[in-house]
Amino acid sequence: MKQSLTIAILSVLGTGYAATATAETTGNRYGYPVLYHSEISSARAWLDVSQNRWNEEAKQHDDDIGDSEHSRKKPVILDVRRIEEYVAGHPVGAYSIPFPHVTGSPSQANDQTDYIGYDISVDPEVGFLLDQSAKDGTLPIQNFVDYVESLFPDKDQPLYILCATGHRSVQAANALAKYGNYTNVRNIWEGYNGQPKYAYTGATPTQPLVALDLNNDGVVNGDDRDGWAFYQGLPTETKLQKNKLYRPLLSLYPVKAKPGHKSKRDADD
């Protein structure tokens with residue numbers, strides 16, 4: 001049985017976000033409330049959505065139950081990072097459905113400048129905002145959920161949510177579970193970029209924290225983060241497929257995309 005602990009209100013990375021109420025001890029890396037199904041690693045997410053693996057496991061499943069129709073549903077990855085982050089590089093085959101920041105960064109509460117984003121101040125289980133003056137946008141959370149429903153109406157559809165470090169993905173996952181009643185939403189724990197890995201003394205992180213040079217190149221930098229595109233080394237691309245782009249703001253994507261190739265993005269949550 002999962003254990004839980006009470007998390008005191010705390011700020012994260014200098015933002016106006018907070019972990020409140022109870023958070024699963026086996027949950028996301030920021031200790032935020034968990035309304036969605038569970039966590040999943042970047043590596044496992046890729047294995048699950050990989051076409052070859054899916055074909056093999058689906059066939060085995062059908063053989064085991066004597067069903068010629070695939071009863072299992074293939075998971076999909078929803079990349080909720082900003083449009084510009086997705087364009088710079090994303091997991092192969094991932095859908096671009098940005099949340100809560102669609103493009104740009106907010107400078108004020110309910111920002112109505114060139115920034116486009118969602119009003120997450122209305123729900124602390126989605127926004128995790130410390131106060132009503134925290135920076136966010138104006139779009140209703142339900143708009144995000146409605147768009148996902150237009151693509152994936154089946155509430156049991158496995159949805160794997162990814163952002164840069166596993167922060168916005170928790171917000172999006174909670175929104176889909178709470179407002180969309182999706183039952184199989186999982187947060188990709190490390191995110192696309194990830195966070196540094198730290199040294200341990202026995203079973204306890206060394207204090208003060210010591211970031212590790214994972215690729216042993218003599219420099220501790222962004223390449224040593226634990227995310228999809230860095231330490232995990234999982235497939236990425238810059239190829240843009242129109243059917244996987246956020247249609248309401250399709251004009252914000254480049255008209256012509258460069259051929260797909262492995263790419264890394266330094267933007268964080």
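Contact here means heavy atoms within 4.5 Å, and helices (H or I, at least four residues) and strands (E, at least two) are DSSP runs numbered from the N terminus.

Ground rules first: I'm looking at a predicted model, where local features need pLDDT of at least 70, side-chain atom pairs count only at pLDDT 80 or more, and totals for chains, interfaces and linings use all residues. Residues are numbered from 1 along each chain as its sequence is written, and side-chain values use heavy atoms, with hydrogens and water left out.

**Helix 5, buried side.** I got Ile 141, Phe 144, Val 145, Tyr 147 and Val 148.

**Helix 5 on helix 6.** Next I checked the axes, which are lines fitted to C-alpha atoms over the stretch in contact, with angles from 0 to 180 degrees between N-to-C directions. Those of helix 5 (residues 141-151) and helix 6 (residues 168-180) come within 10 Å and cross at roughly 80°. That makes the pair roughly perpendicular (65 to 115 degrees). From helix 5, Phe 144 and Val 148 are among the residues meeting helix 6, whose side includes Leu 176 and Tyr 179.

**Leu 78.** I skipped neighbours within four places in sequence and found Leu 78 in contact with Val 148, Leu 159, Ile 161 and Leu 176, among others.

Methods: Angles under 35 degrees count as roughly parallel, over 145 as roughly antiparallel, 65 to 115 as roughly perpendicular and the rest as oblique. Buried means under 20% relative accessible area, exposed over 50%, partly exposed in between (1.4 Å probe, protein chains only).
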